[in-house]
Amino acid sequence: PKLAVDAYKTPPVPGDPVPVLTYQFPNAGFMMGPADKLAEVVQCMLDNGWKDDGCFAQPKCFGNQLGVGKQCCYDDQLGLTRCALQHPDLITIDFAGSMFLSTYKFFNLFSMQQGRVINKVTNTVQCFIHHNGEDFNEPFKWDAW
């Protein structure tokens, strides 16, 4: 079934190694909640974010990636995903993107109305936006504010 958000996804690019994705994963770039619960989640991430794909034998640091050696074997997104599966009582994912929206692989998702950024899917003011690429042809430019 088509979703309202489908109209705003970046069209597939032939040869693109990253397919057009559905909005279904946690993002470690934004977390909020009571400090004691966040501390539990961060500790869970630290315990569970280590890649188990042989990385320690051959650490894989790429390009401008921070860290050296075994630091490259840690993945905060992996840690949060594992924690969300292990502790659904601690983590709530904003699947609608109404509070926090990662714009990766989305196109023309926002409009400006009376100085506010409006999410066209939810038709509400967007609280937090993580703009992480794929806006090469985006008609709504952030610097136009």
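Asn119 lies in strand E3, which spans residues 116–119; helices (H or I, at least four residues) and strands (E, at least two) are DSSP runs, numbered from the N terminus. The model is a predicted one, in which local features need pLDDT of at least 70 and side-chain atom pairs count only at pLDDT 80 or more, while totals for chains, interfaces and linings use all residues. Residues are numbered from 1 along each chain as its sequence is written, and side-chain values use heavy atoms, with hydrogens and water left out.

With a relative accessible area of 2%, Asn119 is buried; buried means under 20% relative accessible area, exposed over 50%, and partly exposed in between (1.4 Å probe, protein chains only). The side chain of Asn119 takes part in a polar contact of 2.8 Å with the side chain of Gln126. It also reaches the backbone nitrogen of Val121, at 2.8 Å. A polar contact is a pair of N or O atoms within 3.5 Å; within protein, one must be able to donate a hydrogen and the other to accept it, and residues adjacent in sequence count only if both atoms are side-chain atoms. Leaving aside residues up to four places away in sequence, Asn119 touches Gly97, Leu101, Leu109, Phe110, Thr124 and Gln126, where contact means heavy atoms within 4.5 Å.

Strand E3 has a partner in E2 (residues 110–113): the two run antiparallel and are joined by four bridges. Strands pair if DSSP finds at least two bridges between them. Within this pair, Met112 stands opposite Val117 of E3. The hairpin of E2 and E3 has two residues between the strands, and Gln114 there takes a positive phi near 50°.

Attention now turns to the helical part. Val42 lies in helix H1, residues 35–48, and counts as partly exposed because its relative accessibility is 36%. Together with Met31 and Leu46, Val42 forms a nonpolar patch on the surface, with about 220 Å² of accessible area in total. Patches are made of residues with over 30% relative accessible area and no salt bridge, like charges being joined within 9 Å and nonpolar side chains (Val, Leu, Ile, Met, Phe, Trp, Tyr) within 5 Å. A salt bridge is a side-chain nitrogen of Lys or Arg within 4 Å of a carboxyl oxygen of Asp or Glu.

The chain as a whole has two helices and five strands, in the order α-α-β-β-β-β-β from the N terminus on. Of its 145 residues, 26% count as buried. Among contacts between residues at least 6 apart in sequence, 64% join residues at least 24 apart.

How values were computed: Accessible areas come from the Shrake-Rupley method with a 1.4 Å probe; for residues, only the protein chains shown count as cover.
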